[in-house]
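Reader: Can you walk me through the helix packing in this one? I'll ask as I go.

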Amino acid sequence: MLDSEKKIRGMLLTREGVEEVVKWVNKFGVPSVIAVDTFKPSQLSKRLAAMFNCKVWTPNRDVFVKDKERLSPIKNRHLRDAHSAALLCYHHYENEIRKIKKKHGAQADKILHFIVKGFSE
């Protein structure tokens, strides 16, 4: 999970199921977007996005392992995949993030959350 400064707020690796993931995510607040590293999102990512009422961000193509390794220093492949997907998604919105932060200062995170969720473009 990344914040609007591109810092890792937390990472979870579990086999317990969607309920544990939802509980864990809720500790941080409501996500703006669910990012995946494949062009076609999994059913789980779609389900999580629906539960949090947010979009699933997908890259234009499946991300190659070598690209994920370049993006993320994390050794565990599942965590690396999630981290690289989050970073790619962040880069997708980066210009907008900068503009909003410059214009709105302290309110930027709230505004960004709504823009990314799709309430305003």
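Predicted model: local features only at pLDDT ≥ 70, side-chain atom pairs only at ≥ 80, totals over all residues.

Reader: Which residues in H1 meet H2?

Author: Val18, Glu19, Val21 and Val22 do, and their partners in H2 are Leu44, Arg47, Leu48 and Met51.

Reader: At what angle do H1 and H2 pack?

Author: Helix H1 (residues 18-26) and helix H2 (residues 43-51) pack at about 45°, and their axes are 11 Å apart. At that angle H1 is oblique to H2. The crossing of H1 past H2 is right-handed.

Reader: Which element has the lowest mean pLDDT?

Author: Helix H5 (residues 108-117), with a mean of 89. The highest among the elements is 98, for helix H3 (residues 65-71).

Reader: Stay with H5. Which residues of H4 does H5 meet?

Author: On the H4 side they are Tyr93, Glu96, Ile97, Ile100, Lys101 and His104. H5 brings Ala108, Asp109, Ile111, Leu112, Ile115 and Val116. Sorted by class, the contact of H4 with H5 has eight nonpolar, one polar and three charged residues.

Reader: And the geometry there? Is the crossing of H4 and H5 left-handed or right-handed?

Author: Right-handed. Helix H4 (residues 77-104) packs with H5 at an angle of about 145°, and the axes are 9 Å apart.

Reader: Which residues of H5 are buried?

Author: Ala108, Leu112, His113, Ile115, Val116 and Lys117.

Reader: What covers the buried residues of H5?

Author: The cover includes H4, along with strand E1 (33-35) and strand E2 (55-57).

Reader: What follows H5?

Author: Gly118, with a positive phi near 100°.

Reader: Different topic. Arg80: where does Arg80 lie?

Author: In helix H4.

Reader: Is Arg80 buried or exposed?

Author: Buried, because its relative accessibility is 9% and the cut-off for buried is under 20%.

Reader: Which residues does Arg80 touch, leaving out those up to four places away in sequence?

Author: Val65, Lys68, Glu69, Ser72 and Ile74.

Terms used. Residues numbered from 1 in each chain as written. Heavy atoms only, no water. pLDDT = per-residue confidence, 0-100. Helix = DSSP H or I, 4+ residues; strand = E, 2+ residues; numbered from the N terminus. Axes fitted to C-alpha atoms, helices over the stretch in contact; angles between N-to-C directions. Left-handed = near helix turned anticlockwise from the far one by under 90°. Contact = heavy atoms within 4.5 Å. Nonpolar A, V, L, I, M, F, W, Y, C, P; charged D, E, K, R; others polar. Buried < 20%, exposed > 50% of the residue type's maximum accessible area, 1.4 Å probe, protein only. Parallel < 35°, antiparallel > 145°, perpendicular 65-115°, else oblique.
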